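Have the structure open while you read.

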Amino acid sequence: MIVVLFCRWSKGEQSTALATATTSSLQELYEWNARYREKFGFVFLICASGRSTDEILAELKKRYPNRPIVEFEIAAEEQMKITELRLAKLFSTKENVSSTGGDQFHQTASKKAEDRVSVIGGHLTATTVSDASVGKTNANPNPTRTRPPITTHVLDVSRGSPAAGIEVQLETWKGPQPRPLFGKSYTGGWAFLGSSTTNNDGRSGQLMSVVDDVNPGIYRISFNTGKYCPSGFFPYVSIVFEIKETQKREHFHVPLLLSPFSFSTYRGS
């Protein structure tokens with residue numbers, strides 16, 4: 001029943017676009033979506049509810065010049081809008097169910113909603129990683145998070161596409177000092193948490209356990225950029241960042257924007 005509802009809602013969300021579509025506008029939309037997918041590596045995502053074909057096409061053309069990292073974040077926001085819209089419809093449908101089957105439907109709907117949120121939460125990280133490569137410190141068997149508190153992805157800005165096949169390693173500071181100091185060298189200061197390799201979307205697999213409270217402290221995420229780009233300037237890239245006590249329930253997405261002779265990063269969500 002849930003699958004039927006989602007299919008019906010999907011058609012309903014696109015009803016305005018379908019009602020305003022012409023053969024030429026649908027053809028143009030198809031061609032632009034093909035160009036978009038070739039550039040970004042995924043289909044054009046937009047919350048189509050109440051939008052005409054011309055409005056969707058105009059938005060596609062407006063977003064097409066975006067840098068990949070910008071467009072990826074916009075697409076993720078649009079996916080969340082779609083998910084929230086369908087979850088709202090899912091729970092409102094409960095009111096139309098008879099009292100005899102209401103409890104059973106509510107349990108099924110809640111489970112489906114939780115599963116869907118879990119899928120969306122895991123969208124930014126791959127989950128195919130061996131247990132041996134995952135840090136298990138303070139792992140909660142039933143965490144409320146749906147993804148690890150620290151994630152990453154890599155974009156090759158020289159090609160305008162995700163960077164696949166880059167080895168990634170996450171470590172935490174366990175040295176003799178509370179924090180590593182600039183200009184000082186330490187032996188055995190960094191403790192390994194996990195490693196992975198970026199997939200075709202540039203996303204790394206799970207680098208640490210899914211825990212509710214991440215340990216405050218200094219973390220280092222490193223990328224084997226020399227293996228990915230042997231002719232480049234950087235044999236590897238390491239990014240060191242701090243998670244404070246007041247931030248232990250927040251999410252930390254630390255992406256790498258890479259080219260052969262430059263790189264940049266930022267804290268995402």
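## Phenylalanine 233

Phenylalanine 233 sits in the loop between helix H7 (225–228) and strand S7 (237–243). Helices (H or I, at least four residues) and strands (E, at least two) are DSSP runs, numbered from the N terminus. This is a predicted model, where local features need pLDDT of at least 70, side-chain atom pairs count only at pLDDT 80 or more, and totals for chains, interfaces and linings use all residues. Residues are numbered from 1 along each chain as its sequence is written, and side-chain values use heavy atoms, with hydrogens and water left out.

Is phenylalanine 233 buried or exposed? Phenylalanine 233 is exposed, because its relative accessible area is 59%; buried means under 20%, exposed over 50%, and partly exposed in between (1.4 Å probe, protein chains only). Leaving aside neighbours within four places in sequence, phenylalanine 233 is in contact (heavy atoms within 4.5 Å) with Pro260 and Phe261.

Rolling a probe the size of a water molecule over the atoms shows where empty space is left. A cavity is a set of points, on a 1 Å grid over the protein atoms alone, where a 1.4 Å probe fits but cannot get out, and lining residues have an atom within 4 Å of a point. Grid points are joined across faces, edges and corners, and a volume is the space filled by probe spheres set on the points.

## The largest cavity

The structure holds two cavities of 30 Å³ or more, and the largest has about 80 Å³ of space. Which residues line the largest cavity? They are Phe40, Phe42, Pro68, Phe72, His153, Leu155, Pro162, Asp201 and Arg203. Six of them are nonpolar, one is polar and two are charged.

Domain 1 (14–91) and domain 2 (150–265) each give at least three residues to this lining, with the bounds coming from an automatic or database domain assignment.

## Threonine 22

Now for another loop: threonine 22 lies between helix H2 (15–19) and helix H3 (23–40). Threonine 22 counts as partly exposed because its relative accessibility is 40%.

Key:
1 Å grid on protein atoms, 1.4 Å probe; cavity = no way out; pocket = protein on both sides within 12 Å on 5 of 7 lines; lining within 4 Å. Nonpolar A, V, L, I, M, F, W, Y, C, P; charged D, E, K, R; others polar.
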